[in-house]
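I opened the model and kept notes on what I looked up. The entries follow in the order I made them.

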Amino acid sequence: PPLYKQRYQFIKDLVGKYKPKKVADLGCADCTLLWMLKFCSCIEVLAGLDICASVMKEKMHRLSPLPGDYLQPAERSLTVTLHHGSVAHKDPCMLGFDLVTCIELIEHLEQSELRKFPEVVFGFMAPSIVVISTPNYEFNPLLPGVTLFRHPDHKFEWNRAQFQSWALETARRYDYSVEFTGVGHPPTGMENVGFCTQIGVFVRKYPQTGESAQSEKPTEAVYKTVFKAVY
Ligand code: SAM
């Protein structure tokens, strides 16, 4: 399967393993991952965030309930919300999530945004699990036609040592553990370059008390809600 599907499948497998009730996808683009996750029966709240409102709106109708969703007696409630905003800014609507995914997001962040990102995601949102994926620069020579970066909008692409040192430092600072994996196996004989997409799975070390999770974080709302569906 194509690489983006392998990344989404990785998240679906993780959802199957940890059974999070509330999942937020940061940099959700056209909401394909959210659309896939709406079929996971453990999930009760799904939220998407992107800095580009138009890309979010392209296919967001897919997140609306179908007539059949109302005819069948609901075994669970599901709320899907899309927000327009930046991962460099805190908004209280992002509190209380169990799993936060950032698939191919960080390499699109300007330096100033990347500097704020750990405090927003790990410090403020502080979910039990954070998944971050990003291109592995070491794989690029195996990709036809790639001269420097894989996409002109990438602000950087990290090799494994760069990503892992950033991730380990972030995990240390915010009391998370992190494990590294990836998707997109290198061809036989080239195993030393690592996965095409590198992935860090961060797990919070200590449970958050209800208070520190919500009420001690008074923050003004800055995101704009562009879509909401209740099943
Ligand atoms: N996660 C999706 C996927 O894996 O298919 C889309 C990845 S796309 C390469 C990166 C997305 O991040 C774009 O939709 C872009 O608009 C969004 N993005 C870039 N900077 C952002 C920011 N500061 N805050 C939120 N989203 C941002």
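**Entry 1: helix α1.** I started with helix α1, residues 3-18, which has 16 residues and reaches 23 Å from its first C-alpha to its last. That is close to the 22 Å expected at 1.5 Å a residue; the expected span is 1.5 Å times one less than the number of residues. Helices (H or I, at least four residues) and strands (E, at least two) are DSSP runs, numbered from the N terminus. The model is predicted: local features need pLDDT of at least 70 and side-chain atom pairs count only at pLDDT 80 or more, while totals for chains, interfaces and linings use all residues. Residues are numbered from 1 along each chain as its sequence is written, and side-chain values use heavy atoms, with hydrogens and water left out.

Which residues of α1 are buried? I found Arg 7, Tyr 8, Phe 10, Ile 11, Leu 14 and Val 15. Buried means under 20% relative accessible area, exposed over 50%, and partly exposed in between (1.4 Å probe, protein chains only). These residues cover an arc of only 150° around the axis, so they are on the same side of α1. The arc is that of the directions from the helix axis to the C-beta atoms.

I then looked up what the buried residues of α1 pack against, and the list is α2, β4 (99-103), β5, β6 and β7. Contact here means heavy atoms within 4.5 Å.

**Entry 2: positive phi.** Most residues other than glycine have a negative phi, so I wrote down the exceptions I came across. Lys 19 follows α1 and has a positive phi near 50°. Ala 29 has a positive phi near 50° as well; Ala 29 sits in the loop between β1 and α2 and is partly exposed, at a relative accessible area of 29%. Glu 104 is not a glycine, yet its phi is positive, about 50°. Glu 104 lies in the loop between β4 and α5 and is buried, at 17%. Just after α6, Asp 175 takes a positive phi of about 60°.

**Entry 3: strand β1.** Strand β1 covers residues 22-26, and four of its five residues are buried. In which sense do β1 and β2 pair? They pair in the parallel sense, over five bridges. Two strands pair if DSSP finds at least two bridges between them. For one bridge I looked up the partner of Val 23, and in β2 it is Leu 46.

**Entry 4: helix α6.** α6 has 14 residues and reaches 20 Å from its first C-alpha to its last, close to the 20 Å expected. Its buried residues are Phe 163, Trp 166, Ala 167, Thr 170 and Ala 171. They cover an arc of only 130° around the axis, which puts them on the same side of α6. The face turned away from that side carries the exposed residues Ala 161, Arg 172 and Arg 173. The buried residues of α6 pack against α5 (111-125), β5, β6 (176-183) and β7 (197-204).

At the N-terminal end, Asn 159 caps α6, with a side-chain oxygen 3.1 Å from the backbone nitrogen of Ala 161. Arg 160 is in α6 and is partly exposed, at 25% relative accessibility. Leaving out residues up to four places away in sequence, Arg 160 touches Asn 136, Glu 138, Asn 192, Val 193, Gly 194 and Gln 198.

**Entry 5: aromatic rings.** Rings of Phe, Tyr and Trp (its six-membered ring) pair if their centres lie within 6.5 Å; planes under 30 degrees apart count as stacked, over 60 as edge-to-face and the rest as tilted. How many aromatic pairs does this rule give? The count is 12. In one of them, Tyr 137 and Phe 149 have ring centres 6.3 Å apart and planes at 80°, so the pair is edge-to-face. Both residues are in the loop between β5 (129-135) and α6 (160-173), 12 residues apart. Tyr 137 is partly exposed at 33%, and Phe 149 is partly exposed at 27%.

Ring pairs also link Phe 117, Phe 156, Trp 158, Phe 163, Trp 166 and Phe 180 into a cluster.

Terms used:
Polar contact = N/O pair within 3.5 Å; in protein donor to acceptor, adjacent residues only side chain to side chain.
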